[in-house]
Amino acid sequence: MHIEDLRQRLHELGANPRHQHRVLRLWSQALPQNHGSRPIEAFLPTTLRNALPEIERELAALATVHSEHLGEDGSLRRVVALADGQLVESVHMPPGRIPALCVSTQVGCAVGCTFCMTGTTGLIRQLGSAEIVAQVALARQQRPVKRVVFMGMGEPAHNLDNVLEAIDLLGTAGNIGHKNLVFSTVGDPRVFEALMARNEGQVRPALALSLHTTRADLREQLLPRAPRLTPDELVEAGERYARHSAYPIQYQWTLLEGINDTDEEVDGLVRLLHGKYAILNLIPYNEGEGMPYRRPSWEAAAALARRLHQRGILTKLRQSAGQDVDGGCGQLRARAVQEKGGPGRRVIPVQAAPV
Ligand code: SF4
């Protein structure tokens, strides 16, 4: 389901733009449609009122809990069942200053990053814009959400219209600050064009770019079906958007032992990012069964972060607890798909790990 279709349906039921906004606001904020002190008879047309229970049921069925997994650090990973039975993952980040949720934008992913479980499945299907917002509505039934990062399963650039439609709703009726909506991509010229074309009246999200290496040849190996932007071109385009939006770019770097934690990469990062309006997020890889990479020790990762800091790069070392999509993305879903038996609501304590 797409948000535009929902708006059209509400319009056909007699809803004016204010009525539509109210329905979408209550849904995306996980509030019942009869919320508020005034009876809805006072201001909603009868045709719309009569249809609301069915619409509420349909919206609730867009995303339901398949299973939930509590991390030791307070993160909560959720396998979400879509109406057709497909599964995606959303993650409540560990409690922090701003309660954040990571959402999926596709079932599977076509980019095929060699360190990512989701990349092994290929693309299964796109998520509709309403399914993306439905993950937030579902999450808000349990915890507040004031920041949404589009770093779950899928490459948002490959589902651009739906992701931007979801961003527009979350940044208005959904009451999420625009800089707290984080569009994450491996880097696609269409994303830069679409975001740069947004004017001040539109929702302008922040941007996270998956860099992972400063070497063009290695990037082609690690992200085999990403657009052929070199790391230099990617940072150049990122810097333009950072200056345009006035939000720093978050560069994502999944740390793979012996692969992209070398002296050459440190020099490359200093060359690429020094003086840029940027934050570098180093995320030690989350090892997955059958995946060919190793996670560096925390001490080695911290030493690398310190070296970059000393050379003028604003670097954050992130615990792999849903901060990053790349490491263990899709592992829970893969496990759930393999499981025999029907879905049910379960809460399973697990070690914190990235989506
Ligand atoms: S890391 Fe992101 S872009 Fe790469 S395969 Fe996984 S989901 Fe797709």
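Q: How many salt bridges does the count come to in this predicted model?
A: The model is predicted. A pair counts when a side-chain nitrogen of Lys or Arg lies within 4 Å of a carboxyl oxygen of Asp or Glu. By this rule, the number of salt bridges is 16.

Q: With which residue does Arg125 form a salt bridge?
A: The closest N and O atoms of this pair are 3.0 Å apart, and the cut-off is 4 Å. Arg125 has a relative accessible area of 21%. The partner of Arg125 is Glu131.

Q: Is Glu131 buried or exposed?
A: Buried means under 20% relative accessible area. Glu131 has 6% relative accessibility. Arg125, at 21%, is partly exposed. Because its value is 6%, Glu131 counts as buried.

Q: Which residues are linked with Asp84 in a network of salt bridges?
A: Arg125 pairs with Glu131 in a salt bridge. The network holds this Arg and this Glu along with Asp84. The residues linked with Asp84 are Arg125 and Glu131.

Q: How are Arg240 and Glu236 separated in helix H8?
A: The two form a salt bridge, with the closest N and O atoms 3.9 Å apart. Arg240 is partly exposed, at 47% relative accessibility. Both residues sit in helix H8, which covers residues 231–245. They are four residues apart, so the separation is about one helical turn.

Q: How many residues apart in sequence are the parts that Arg311 and Asp267 tie together?
A: The side chains of Arg311 and Asp267 meet in a salt bridge, at 2.8 Å from N to O. Arg311 lies in the loop between helix H10 (298–310) and strand S12 (315–317), whereas Asp267 lies in helix H9 (residues 263–273). The pair therefore ties together parts whose separation in sequence is 44 residues.

Q: Are Arg311 and Asp267 buried or partly exposed?
A: Arg311 has a relative accessible area of 38%. Asp267 has 43%. Both values fall in that range, so Arg311 and Asp267 are partly exposed.

Q: Which strand supplies the largest share of the lining of the largest pocket?
A: The largest pocket holds about 660 Å³ of space. Strands S7 (147–150), S10 (249–255) and S11 (278–284) each supply at least two residues of its lining. The largest share is three residues, and it comes from S11.

Q: How many charged residues are in the lining of the largest pocket?
A: The lining has 23 residues. Among those nearest the centre are Arg97, Arg147 and Arg318, and Arg counts as charged. By class, twelve are nonpolar and six polar, and the number of charged residues is five.

Notes
Residues are numbered from 1 along each chain as its sequence is written. This is a predicted model: local features need pLDDT of at least 70, side-chain atom pairs count only at pLDDT 80 or more; totals for chains, interfaces and linings use all residues. Side-chain values use heavy atoms; hydrogens and water are left out. On a 1 Å grid over the protein atoms alone, a cavity is a set of points where a 1.4 Å probe fits but cannot get out, and a pocket is an open set with protein on both sides within 12 Å along at least five of seven lines; lining residues have an atom within 4 Å of a point. Grid points are joined across faces, edges and corners, and a volume is the space filled by probe spheres set on the points. Buried means under 20% relative accessible area, exposed over 50%, partly exposed in between (1.4 Å probe, protein chains only).
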